[in-house]
Amino acid sequence: GARAEDGGPAPAAHLISHKAISGEFAVVGRPTPVRVTIVNAGGEEARNVVLEDGVQAEGVEVVKGKAGASFASLKPGEKVEHTFMVKFSAPGTVALEQAAISYNKGAAETTTKTVSATPEYVLVKSGTLLLIERVLIAGSYASLGMCQTIEHWYHTLYTLIAVGGSYVGFTMYKQVTAAREERARQLSLKALGLQDLKED
């Protein structure tokens, strides 16, 4: 078999895999890439590498590509990636199945099996929720960070309505008062037999 630099046996092939979606979350009904990365962290070649990626989670459907794949061999330190597309039918947190990998270590005929470290938990958002979040983000910038939630916007809206109503009421009050004063002044001038002196 292969020998290490110090003369001892080289570490056997050891495959490590990681599975994740592309992005921080998925959106209901939109194709989402799922990427499985496999790395040979051992010192020998891994042969007959077979990826059997289970996507048995309820509400998840493969819409492009295949969940499984195979590779003739992976040399020490070599990395491969396999990508396929899925769709989610409902919002929530979905746990995708772990990726299962089988392979032969070096010249060994015995098949070794392993899985990705932990299930991939995917946050799935509805299109409506995504739109609301984007509006809130834009509103947060527009309001200089003061409005970051729906509740903040409700309070701001009520305040603007109250302030706007008060301003309109005050403006109307000033106009009515000015009209009354002008009417009283004109009546006083008329009673005195004087004409209104207006500036040119």
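Over which residues does pLDDT stay under 50?

1. The stretch in question is residues 139-144, where pLDDT stays under 50. For these residues the model has eight contacts beyond four places in sequence. Where pLDDT is low, the predicted coordinates should not be read in detail.

2. Confidence overall. This is a predicted model, and the protein averages a pLDDT of 77. A score of at least 70 is reached by 66% of the residues. Among the elements of the protein, the lowest mean pLDDT, 56, belongs to helix H1 (residues 127-142). The highest, 95, belongs to E6.

3. The sheet that contains E6. Four strands make up an open sheet, and their order is E6-E4-E9-E10. The pairing in this sheet is antiparallel. Strand E6 (69-74) and strand E10 (111-115) each have a single partner strand, so one side of each is left without a neighbour in the sheet. On average, neighbouring strands here are turned by 20° against each other, direction ignored.

4. The pairing of E4 and E6. Strand E4 covers residues 46-53 and is joined to E6 by five bridges. The two strands run antiparallel. Alanine 46 has leucine 74, in E6, as its bridge partner.

5. The sheet that contains E1. An open sheet of four strands is also found with the order E1-E3-E7-E5, and its pairing is antiparallel. At the edges are E1 and strand E5 (60-64), each of which pairs on one side only. From one strand to the next, the twist averages 35°.

6. The pairing of E3 and E7. Eight bridges link strand E3 (residues 32-40) with strand E7 (residues 79-88), in the antiparallel sense.

7. Salt bridges. How many salt bridges does the structure hold? The count is two. In one of them, the side chains of lysine 19 and aspartate 53 meet, at 2.6 Å from N to O. Lysine 19 lies in strand E1 (residues 15-21) and aspartate 53 in strand E4, so the pair ties together parts that are 34 residues apart in sequence.

8. Aromatic rings. What sits over the ring of phenylalanine 25? The charged end of lysine 125 does, at 4.1 Å from the ring's centre. The count of aromatic pairs comes to zero.

Key: Residues numbered from 1 in each chain as written. Predicted model: local features only at pLDDT ≥ 70, side-chain atom pairs only at ≥ 80, totals over all residues. Heavy atoms only, no water. Pairing = 2+ DSSP bridges. Axes fitted to C-alpha atoms, helices over the stretch in contact; angles between N-to-C directions. pLDDT = per-residue confidence, 0-100. Contact = heavy atoms within 4.5 Å. Phe/Tyr/Trp six-rings, centres within 6.5 Å; stacked < 30°, edge-to-face > 60°. Lys NZ or Arg CZ within 6 Å of the ring centre and 35° of its normal. Salt bridge = Lys/Arg side-chain N within 4 Å of Asp/Glu carboxyl O.
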